[in-house]
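The following note sets out points for a colleague who is examining the model. Each point may be checked against the structure shown here.

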Amino acid sequence: MKVTEHIKQAKKPIISLEILPPAKGKGIDSLFKVLDSFVEFKPSFINVTYHRAEQLFKKRADGNFERVEIRKRPGTVGICAAIINRYNVDAVPHMICGGFSKEETENALIDLHYLGVRNVLALRGDAAANEKFFTAHPNGHRYAEDLVGQITGLNKGIYQESDIIDGLQSDFCIGVAGYPEKHFESPNLDTDIHFLKKKIELGAEYVTTQMFFENQHYYNYVQKCRENNIDIPIIPGLKPITNKKQLSIVPSIFNVDIPLALSKELLNAKTDQACEQIGEEWLLAQCRDLLKSGTPILHFYTLGKPHIIENVLRQLF
Ligand code: FAD
């Protein structure tokens, strides 16, 4: 079922999860263990992130360096298949522009469609580890809106190979990213929302937000989107902060603010366990407030300490 249908048909608030594929060389069992423990909460769909290959220099035996391309977390398509197979839950693969040609993207979409996947979150991706700014693949896309356009095209049977006539029309529901505290490259929130609107005009049907730790950011964002005639679902992305290190790591990776009250409490905490308790209570309060405001779905970034999210869900539902 499509993400938009899950939201439309829900009689009570629903939840969704986001997971990362395991690092190359690791098995899928630890991921299954995490997901097994979420089954009781009946997630409506599970997002699986996509990770671009990185260019690294490796020292050879002769002392020279060679450039190698390494994808540390492959397997998004396979994990989607495993989720559908094991849990009978809809999987939402993330597709990114960075590092992919349009043809590679098309082939991945064809594989996903064969597997019965009917949802895709279309993203630009970040700059490669060796780049300061994002650079598009020579035959790829510069912005997520271009990727949305390609998927919408495939939904109409338009393929990259122009000699395919009357091609099979795919049937993907397309989601895109939104940033309540604005995307870090954007000069201001209004400009960011202007480009969000472009993604929607090109076919996006819902938005999943970057994590936020102050609900007011989300409420203001939704209001601004509605004022700009964006009327599709805006799914709030949520993550617990569970240790002191995250106070600097999370803002530097995700470009989001941590509220003073939360950072103060964590800095004053005496033990790791106390930090986890504070993070859990903060997330629980965020969720309760969102549900009270009528938000129909909560999306959880499960990386890190999934048991904290489980504890929160147990208290919510
Ligand atoms: P875009 O929508 O293309 O926007 C990027 C920037 O360009 C913004 O500042 C926007 O305002 C601006 N912009 C857009 N269009 C134009 C235009 N025409 N002209 C000028 N400026 C423009 N990354 C991964 O690598 N893998 C993942 O699985 C992944 N999952 C994510 C899931 C969620 C819910 C979120 C919120 C982010 C995720 N990311 C992931 C991170 C994401 O790839 C980065 O945040 C990336 O920097 C931007 O992606 P985007 O799709 O928002 O880009």
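1. Two strands are taken to pair if DSSP finds at least two bridges between them. Strands (E, at least two residues) and helices (H or I, at least four residues) are DSSP runs, numbered from the N terminus. On this basis, β1 (residues 14-19) and β2 (residues 45-48) pair in the parallel sense over 4 bridges. Within this pair, Ile 19 stands opposite Val 48 of β2.

2. This is a predicted model, in which local features need pLDDT of at least 70 and side-chain atom pairs count only at pLDDT 80 or more, whereas totals for chains, interfaces and linings use all residues. Residues are numbered from 1 along each chain as its sequence is written, and side-chain values use heavy atoms, with hydrogens and water left out.

3. The strands β1-β2-β5-β6-β7-β8-β9-β10 form a closed barrel of 8 strands with parallel pairing. On average, neighbouring strands of this sheet are turned by 30° against each other, direction ignored. Axes are lines fitted to C-alpha atoms, for helices over the stretch in contact, and angles run from 0 to 180 degrees between N-to-C directions.

4. Helix α7 (residues 215-227) lies across β7 (173-178), β8 and β9 (234-238), and runs at about 160° to β9. Contact here means heavy atoms within 4.5 Å.

5. Asn 155 belongs to helix α5. A polar atom of the Asn 155 side chain lies 2.9 Å from the backbone oxygen of Phe 172. Beyond its neighbours within four places in sequence, Asn 155 is in contact with Gln 169, Ser 170, Asp 171, Phe 172 and Ile 174.

6. Which residues come nearest to the ligand? Of the 23 residues around the ligand (a heavy atom within 4 Å), they are Tyr 50, Asp 126, Tyr 179, Asp 192 and Lys 199. By class, this shell has 10 nonpolar, 7 polar and 6 charged residues. Helix α6 gives the largest share of the shell, 3 residues.

7. A side-chain N or O atom of Tyr 179 is 2.7 Å from an oxygen atom of the ligand. For Asp 192, a side-chain N or O atom likewise lies 2.7 Å from a ligand oxygen atom. A polar side-chain atom of His 94 lies 2.8 Å from an oxygen atom of the ligand. Taken alone, the ligand exposes 970 Å², of which the protein buries 87%; accessible areas come from the Shrake-Rupley method with a 1.4 Å probe.

Definitions and conventions. Polar contact = N/O pair within 3.5 Å; in protein donor to acceptor, adjacent residues only side chain to side chain. Nonpolar A, V, L, I, M, F, W, Y, C, P; charged D, E, K, R; others polar.
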